[in-house]
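Trainee: I would like to learn how to read a few features of a structural model, going through them one at a time. Could we look at one together?

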Number of protein chains: 4
Amino acid sequence: MPRFDDITPVLDRLAIEVPSWAYGNSGTRFKVFSTPGTPRTPEEKIADAAQVHRLTGLAPTVALHIPWDKVDDYAALQRYANDQGVTLGTINSNTFQDDAYKLGSLTHTDAAVRRQAIDHHLECLEIMDATGSQDLKIWLADGSNYPGQADIRTRQDLLHEALAEIYAQLGAEQRLVLEYKFFEPAFYHTDVPDWGTSYAQVAALGDQAFVCLDTGHHAPGTNIEFIVAQLLRLGKLGSFDFNSRFYADDDLIVGAADPFQLFRIMAEVIRGGGLDEGSQVALMLDQCHNIEDKVPGQIRSVLNVQEMTARALLLDREALGKAQESGDVLAANAIYMDAFYTDVRPMLAGYRAARGLPEDPMAAFAESGYLPKIAAERVGGQQAGWGA
Amino acid sequence: MPRFDDITPVLDRLAIEVPSWAYGNSGTRFKVFSTPGTPRTPEEKIADAAQVHRLTGLAPTVALHIPWDKVDDYAALQRYANDQGVTLGTINSNTFQDDAYKLGSLTHTDAAVRRQAIDHHLECLEIMDATGSQDLKIWLADGSNYPGQADIRTRQDLLHEALAEIYAQLGAEQRLVLEYKFFEPAFYHTDVPDWGTSYAQVAALGDQAFVCLDTGHHAPGTNIEFIVAQLLRLGKLGSFDFNSRFYADDDLIVGAADPFQLFRIMAEVIRGGGLDEGSQVALMLDQCHNIEDKVPGQIRSVLNVQEMTARALLLDREALGKAQESGDVLAANAIYMDAFYTDVRPMLAGYRAARGLPEDPMAAFAESGYLPKIAAERVGGQQAGWGA
Amino acid sequence: MPRFDDITPVLDRLAIEVPSWAYGNSGTRFKVFSTPGTPRTPEEKIADAAQVHRLTGLAPTVALHIPWDKVDDYAALQRYANDQGVTLGTINSNTFQDDAYKLGSLTHTDAAVRRQAIDHHLECLEIMDATGSQDLKIWLADGSNYPGQADIRTRQDLLHEALAEIYAQLGAEQRLVLEYKFFEPAFYHTDVPDWGTSYAQVAALGDQAFVCLDTGHHAPGTNIEFIVAQLLRLGKLGSFDFNSRFYADDDLIVGAADPFQLFRIMAEVIRGGGLDEGSQVALMLDQCHNIEDKVPGQIRSVLNVQEMTARALLLDREALGKAQESGDVLAANAIYMDAFYTDVRPMLAGYRAARGLPEDPMAAFAESGYLPKIAAERVGGQQAGWGA
Amino acid sequence: MPRFDDITPVLDRLAIEVPSWAYGNSGTRFKVFSTPGTPRTPEEKIADAAQVHRLTGLAPTVALHIPWDKVDDYAALQRYANDQGVTLGTINSNTFQDDAYKLGSLTHTDAAVRRQAIDHHLECLEIMDATGSQDLKIWLADGSNYPGQADIRTRQDLLHEALAEIYAQLGAEQRLVLEYKFFEPAFYHTDVPDWGTSYAQVAALGDQAFVCLDTGHHAPGTNIEFIVAQLLRLGKLGSFDFNSRFYADDDLIVGAADPFQLFRIMAEVIRGGGLDEGSQVALMLDQCHNIEDKVPGQIRSVLNVQEMTARALLLDREALGKAQESGDVLAANAIYMDAFYTDVRPMLAGYRAARGLPEDPMAAFAESGYLPKIAAERVGGQQAGWGA
């Protein structure tokens, strides 16, 4: 097994983008519970995100969601972020909360609605130019609820046309990242339901288009690390949306439902070069906190990714390779599990201390008084939330 | 196979309660789309529900949801309903939209929250006294999102205590019906996740407590008709909440996703006496319309139940029994499928005409001009919706 | 809605290949029950298959499985088949029942095992030359049971290398068809688990390589008709393996578990040109009969495909298109369901009679005395079965 | 968090029964791979099982499967076992491998088949008298593959009748334990598919009847620890069959697929008194090894249960209770995860050494030369396997 010191250079490269919307109120279709101190502006969201980075060193960038995070002056927002110690990252489009999109956006039968949706993405590209963001991430709610409601096949062609128009406007350093999701909010068919569809669509666009893998967006029982390996092999894994789930939900703290799965995913990311210098794989959280506190929920999340990455880095790949070659099933599995079972938390505490970070970021946050402070300060106004 | 005339007496008994909340706006956590003409009051919901009954003869009662349908004078509301040709039915409690219930209601660790939730149910019983309703239906959102968050075992005991206090206040003709749901909005554990739990809880209460089976609330692959058969055998199937789903959603039009499953369920209801005179099984819809029009969505739903019931009634049980006895797998299946494949729609059209109903209720509704009429009339005010 | 006469030209083209192994004994890992009259030779399997075609006109070809159906003289076997009124079709390879393949075949870490597996496929190509078969169908049991047991990524590369070598030996008129399967017999990872993997692999081979879609090989809740539409759009849907399932099994009579799903699949096949003249889509059964009689089980299966195809052909696509364009969800769904609910059985009985076939092939088979005849004749010898 | 020394008294009580059939060849419906050294007799299976106990101290009893383990003299077999350092445990009946049981056993429509199945269980009770076994474990393959094939409701009644007759013959110290399974080998309906059915059936029998929970026998996404808690609460959790699975299979090494789930299950067993002195909960493995070596596979399995039990015992329940009471979701989850993440392997090595056991039982087994020894000795004869 590698020594912990051997793996710190890779740990030093680990960066997990956090989403601005994680700090607003969110919930289920049954109820959104509100919390004192919830941000009311993009700036306040960024301030919260900066706390995560300050205490963990893991979250240097913040993803924005348009139109939720629209501001007049993106350069000023970027400066604000920089002052807080972070930078603006991925721009996420939104074509699911305008009344026009009830039956689709980029795949709608009505050309006018498609136009509106394409234009929204072109606007996102302009914002990216202003913020210097690299990635335009597209998740579509498009689909249908009833058999016969929509022509599945035509919608794939419309999707290609729309994506091609958006893709054509990408800058030389920009990327289009297409997310897939098994179902929801469409309940019969989804226009980008699986990695195969996302892959076929982005492959048809060109070298600057990639797949986004959201860990919560698969059918029950799907082997996600297999998809990671396959997409890395095909050169098309652009980014992760991390979260976890027990059922069909997808907003639990990453690693909370099945830490071993997160370990396996990170092991495959490493195996495929996803943490190498210059890797094209962007790591990001995409999860909202329904009942737990939001800022510490995000801290817990990035720490979970770090812990499982450290365990995966400790995998003794030489010994593993030999056991695999020799067909020794139990030995190979034991070597693999040995890395997972190794408790890296004390080593990571030391690692943090050596970098001027708190050994226990959760405790440090609790002691910081940040939550009562924002609860006192952020009074009045409209709390941000899913959809605002 | 029985002749259609043989089955009309049972069809005459078929009654499917419709939920008041089906007529309000509803949607997903991503977006609730609003519709012109959406009711603003309990009376307007009842007026919409009455349309369903007027055109189908299938929906004589309307379920209420408290507090969404709270009024000052329930006797007046009942008279209003009667004037529209329907009556008030099941009272549904709601312990998931008050801030106090963030971490539970009847199972909350805090006795004060449990008190509030119990008192809410006692208030529902008072409303039942005022409306003459028979059933108090309890669906709980209670559960937890993270392992360790809650003590699963203690919560079962607290649940029993709370239900027992509510049960003790039931009138002689009243029933408590406890619904189960596999997951959502709790994502790690749900306090009443399966029929076994609901059965164990209601069996501990007494003869006036029953299980409610919501067709959308099961794990993937669950054989629902088996549960129907089992609960009828145990004497504890109190009611159905009908809807359908492809994935984890549960608000599609009943029968839309898998009409054969609905057929099998109705076949087992009939097999177990659930459509006999004096049956204790109440049939009800529990589905909301996200993208389709609401009133015709409900009409389509009750028609689907009627159509699959008619097919199930046409099952040649004598021939089936013989094939089953003789172990002739293909013959037994063929007899079963023959009933399902029989197109009963022309016969049902005649059946309706003979009872003074439109042969094609969907067409009759479209021609009635009801939707444009309410769109024009119901302007201003707050549209009803999930949660209002 | 089209008239039945309009759709008969397409029905006339419908041909469903039947698998030789469907007539042998098969079962579960718990028990294989044997049946009197089970074939003992490839010829007897073909004789059984010919019964299916004789009574239905739907099954003109028989798929072989190598080595189960190895004979010394394939030309003689083809002549035998022709004498029975059928021809030999797809050749299916088998790399899962030799001890060497315990940990993989085309993806095994050991080059000698890969060599053996590749050579087996080259032998299959020689048999195809002898029989005049068009398709080499490859389903791989390759995968692993435990995390760490195998290197997922390397195995994809090995798979590509092996397939490329086999592909290079295809004749000008021959095709390689790669099947995917979600899981089983490997229980942690499968080397070709989903359509995306099969598509990526065959796309890398060339124009003569296609995907085989087995209807029983998907995760719970997967929208299979979406995959049909997508693969037809990408020009890579080579063939179907039909069967049905409720859970994770995949050997029930096609259409038995969810006839509406089979209807939707056939509707999408038709939509994408899969039943057009010269279509590249081959339809085939791949199901074994565990408890029901085998020959009538196959008859029931091809009839189910025919019935659902007829219903799908009756879909009023013009009216559907208009409803879809106008966003009328309920109307579009109603048009779609109208085709599904139409009972085509009487029309198909007439259609058969007009072609000199029995109106009711199941009854005709029962009356034919074929089963008692083979039970009496086929005594002694080794019954064929899964694996022999 | 408790100190390790605090938990050793409970660890000392930990005993996991191993199944005799785990040492024979087993596999999937596709292929059973054989292994040199596979036992040929019940005695050789017991000898293998004794190795597991010798090296781990965890597996003092061996479960038998009748008729696979039938012998003429059970007293002699018991003496043989005692000489090896173990004793005979649970007797498992088998009503799925006789031709008569093709369509059912205790639930078959034919009274003669039911008689045969009941008599088989009475014979098992006689064997229990001879071996001194406490538990008769009943798992039924009964069910149907096609809708209509069987009358679901009648079969429940037949099941009750048959179980009642068997139950009536139990000795005063004996128990009947009824296992449930979601599906397989029946693929449409299973007669005991869920805990609710097993509970309803055993509750109707009496105080000596219990539910057996097999960890691999649930629908996707089922919260198994909830069922553990519920059955313990109801006083009806009789035993566990441990194994693990990713999909629908159920024969992987317990804890291999999701160690955190095993932790949660053991935490709930402890919470509910399942490891208390005098607990009625029997722990047992029920898994077969398809590709890995069998004896070390069993050693790995009992060690996994021990490791996760130790972690679960380290849970700081006082702190957890406080966090739960205060509604601190993140804190409660963190306390819970802290126990799971604690690497108990070094402590367990010391614990073993203190008891005269090898610190690393897997390594000790590898060094023991046992596998090459039995491979050399056990030549000729019929290897045992699933079904023999």
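Trainee: Which handedness does the crossing of α1(B) and α9(B) have?

Mentor: Bear in mind that this is a predicted model. The crossing of α1(B) and α9(B) is right-handed. Two packed helices are in general described by the angle between their axes together with the distance between those axes. In this case, helix α1 (residues 4-13) of chain B packs against helix α9 (residues 294-313) of chain B at an angle of about 140 degrees, with the axes 10 Å apart. With angles over 145 degrees counting as roughly antiparallel, α1(B) and α9(B) are therefore oblique to each other.

Trainee: Which residues in α1(B) and α9(B) meet?

Mentor: From α1(B) come B:I7, B:V10 and B:L11, and they meet B:Q306, B:T309, B:A310 and B:L313 in α9(B). Sorted by class, this contact of α1(B) with α9(B) has five nonpolar residues, two polar ones and no charged ones.

Trainee: How should I read an interface between chains, and what area is buried between chain C and chain D?

Mentor: The size of an interface is often given as the accessible area that is lost when the parts come together. Between chain C and chain D the buried area is about 4000 Å², and carbon and sulfur atoms give 63% of it. On the chain C side, C:R29, C:F30 and C:Y146 lose the most area to chain D, together 21% of what that side buries. The rule finds eight salt bridges across this interface of chain C and chain D, including one between C:D251 and D:R29, whose closest N and O atoms are 2.6 Å apart.

Trainee: How many residues of chain C are in contact with chain A?

Mentor: There are 52 residues of chain C in contact with 52 residues of chain A, and the two chains bury about 4200 Å² between them, 58% of it on carbon and sulfur atoms. The count of salt bridges between chain C and chain A is four; among them, C:D157 pairs with A:R233, the closest N and O atoms being 2.7 Å apart.

Trainee: Turning to the backbone, which residues does a cis peptide bond join in chain A?

Mentor: Most peptide bonds are trans, and most residues other than glycine have a negative phi. Here a cis peptide bond joins A:I66 and A:P67, with omega about 20 degrees, and A:P67 lies in the loop between β2 (61-65) and α3 (74-84) of chain A. As for phi, A:E184 has a positive value near 80 degrees, and A:E184 is found in the loop between β6 (175-179) and β7 (189-190) of chain A.

Key. Residues are numbered from 1 along each chain as its sequence is written. Chains are lettered from A and ligands numbered from 1 in the order in which they are written. This is a predicted model: local features need pLDDT of at least 70, side-chain atom pairs count only at pLDDT 80 or more; totals for chains, interfaces and linings use all residues. Side-chain values use heavy atoms; hydrogens and water are left out. Axes are lines fitted to C-alpha atoms, for helices over the stretch in contact, and angles run from 0 to 180 degrees between N-to-C directions. Helices (H or I, at least four residues) and strands (E, at least two) are DSSP runs, numbered from the N terminus. Angles under 35 degrees count as roughly parallel, over 145 as roughly antiparallel, 65 to 115 as roughly perpendicular and the rest as oblique. A crossing is left-handed if the near helix is turned anticlockwise from the far one by less than a right angle, and right-handed if clockwise. Contact means heavy atoms within 4.5 Å. Ala, Val, Leu, Ile, Met, Phe, Trp, Tyr, Cys and Pro count as nonpolar, Asp, Glu, Lys and Arg as charged, and the others, Gly among them, as polar. Buried area is the accessible area (1.4 Å probe) that two parts lose on being put together, summed over both. A salt bridge is a side-chain nitrogen of Lys or Arg within 4 Å of a carboxyl oxygen of Asp or Glu.
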